[in-house]
Amino acid sequence: MEKEEVRQTLKALIEEVMPELSDVSMDAEITSEYGVNSVSIIRLIVAAEEKFGVKFTDYELSLEDYKTFEDLAAVIKAKLDKVD
């Protein structure tokens, strides 16, 4: 899966899991811009695991690891590249 496809799929997933967020910017700071908290990011990661067929370790569930949604997209892309 190409990087842009990962970004677009994740963006659609964000809008599905967090419908209160509209027209998200992948580069915006997610805690200050969108009020994303640790519970929200875990819900999104769980949904991403299902959608992309990847697994996150317990150490990868921390909100501090993802300043932007782009950071999360990069981790997903790296996981998909390992699978290929």
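By helix I mean a DSSP run of H or I with at least four residues, and by strand a run of E with at least two, numbered from the N terminus. On that basis, the chain in this predicted model holds 4 helices and 0 strands. Read from the N terminus, the order of elements is α-α-α-α. The radius of gyration is 12 Å, close to the 12 Å given by the globule rule for 84 residues, so the chain is as compact as a globular protein of that length.

Let me turn to overall dimensions and packing. Along the principal axes, the C-alpha atoms occupy a box of roughly 35 × 25 × 20 Å. Of the 84 residues, 43% count as buried. Among contacts with a separation of 6 or more, 61% join residues 24 or more positions apart.

Next, the surface and the charges. The accessible surface is about 5000 Å², and carbon and sulfur atoms contribute 49% of that area. The chain carries 10 positive and 20 negative side chains, the centres of these two sets lying 3 Å apart.

Is Lys77 buried or exposed? Its relative accessible area is 18%, and the cut-off for buried is under 20%, so Lys77 counts as buried. Which residues does Lys77 touch, leaving aside those up to four places away in sequence? They are Met1, Glu2, Lys3 and Val6. Thank you for your attention.

Definitions and conventions. Residues numbered from 1 in each chain as written. Predicted model: local features only at pLDDT ≥ 70, side-chain atom pairs only at ≥ 80, totals over all residues. Heavy atoms only, no water. Rg over C-alpha atoms; globule rule 2.2 N^0.38 Å. Buried < 20%, exposed > 50% of the residue type's maximum accessible area, 1.4 Å probe, protein only. Contact = heavy atoms within 4.5 Å. Areas by Shrake-Rupley, 256 points an atom, 1.4 Å probe, with all protein chains shown as cover. Lys, Arg positive; Asp, Glu negative; His and termini not counted. Charge placed at Lys NZ, Arg CZ, Asp CG, Glu CD.
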